[in-house]
Amino acid sequence: MRRYSFLYLILLLVFSIFVLVGCQEDTASETEGTSDSDASSEGESGPPDEVTKWVFQPAFDSSDAGWDNGVVPWIKAVEEATEGTIEIELLPAGSITSGDEAFGATIAGTTDLYAGWATVYGGSMPEGTLAYGMSMGADNTEEAWEAMWGNPDYRIGELVQEAANEIGLHWVGWTNQGPNAAFTNSPITKLEDFEGRKMRAGGPQATFLETMGGVPVSLPGGEIYMSIDLGTIEGTFWDTGGIDDMKFQEVIDYAILPGWTPAQHQEIYVNQDSWKSLNDWQRDQIDDIFKSTYFKTSQMHAEKVDEALQVLKDSGGEVITLSDEEVDRMREKAINEIWPKIAEESELNAEGVKLWKQFMKDKGKIE
């Protein structure tokens, strides 16, 4: 009797183990299936059902070259890349806030998007100077891209993105508007020719001119033409592609290249909350067009620069391209005297200036 009881207990134990293992496998299978399903659901990404509408007010209006050759192509690319799930209303400066207040309006969420220059918004985010264009820094679009995003040895753009994120923005667009140069009524062929010269110059332009020995004069853009014509100033710094829009060819005789910054840039930022409200797919689509729109719009600006310089030539003006020797002299002076001031503005700027210097050394532009 005891033998049968013992066998019965063994059989019962084996059966219990079998049932327990089976249940665990079923539970594991069920959990695994749910996990896969959840992961698949979370990983799935594509056009959302709802359309997101953004308001975009830059620091300028349609008279600026950055309108047709910068923000308009970028908007078109975004709307196409996101398959119509993002619609952007573009408004000129003054529609909601002034151009000077537009950056802060996007931070606050009053608008969703901003475009402008560090010469305007640098007081709120000095790291923008790293993207705008260092004094006598990158010579062209390709060099600027290599230093900011293209070469993993530098990736200076990540510092700008970090600074933008810290104040509630996300950097989503960039374009090279060409050289920001001096336009004068008498020739400049060497560094010493800037000595004592009174020119309209603001922000980093003023810093450059003063460092080279000139006298910066602060004037609204609308007063530059008359001030040159009356002899109050001897010229101005301006983005080269926009000189014909301002009719400067009527009052100046010389364009001095390559410019105090040979590659002047304009940035596009989106409010961070607006950015986060998109799904992963939409954000990826916008990130994916950053590079392509940069090179496309930069080429559009380059064509505008050529057109503007031709207008100057047709008006009897002359384009003076400084010798390599003079460029090297100005670059050395700018890097030694101007760049340290930029580095002092923030820790990220200090790191960015260090990387920019290394880039210039690697390119053989400085020792």
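Helices here are DSSP runs of H or I, at least four residues long, numbered from the N terminus. The views below come from a predicted model.

View 1. Helix α7 spans residues 157-166. Its buried residues are G157, L159, V160, Q161, A163 and A164. What covers them? Two helices on the list are α5 (128-132) and α6 (141-150). The cover also includes strands β4 (169-176) and β10 (265-271), as well as α15 (347-362). After α7 comes G168. The phi of G168 is positive, near 95°.

View 2. Most residues other than glycine have a negative phi. M136 is not a glycine, yet its phi is positive, near 55°. Where is M136 found? Look in the loop between α5 and α6. Is M136 buried or exposed? M136 has a relative accessible area of 1%. Buried means under 20%, so M136 counts as buried.

**View 3. R155, a positive phi in a partly exposed residue.** R155 is not a glycine either, and its phi is positive, about 50°. R155 is found in the loop between α6 and α7. The relative accessible area of R155 is 29%. Partly exposed residues lie between the buried limit of 20% and the exposed limit of 50%, so R155 is partly exposed.

**View 4. A cis peptide bond at L257 and P258.** Most peptide bonds are trans. Which kind of bond joins L257 and P258? The bond between L257 and P258 is cis, with an omega of about 20°. P258 is found in strand β9, which covers residues 254-261.

Notes: Residues are numbered from 1 along each chain as its sequence is written. This is a predicted model: local features need pLDDT of at least 70, side-chain atom pairs count only at pLDDT 80 or more; totals for chains, interfaces and linings use all residues. Side-chain values use heavy atoms; hydrogens and water are left out. Buried means under 20% relative accessible area, exposed over 50%, partly exposed in between (1.4 Å probe, protein chains only). Contact means heavy atoms within 4.5 Å.
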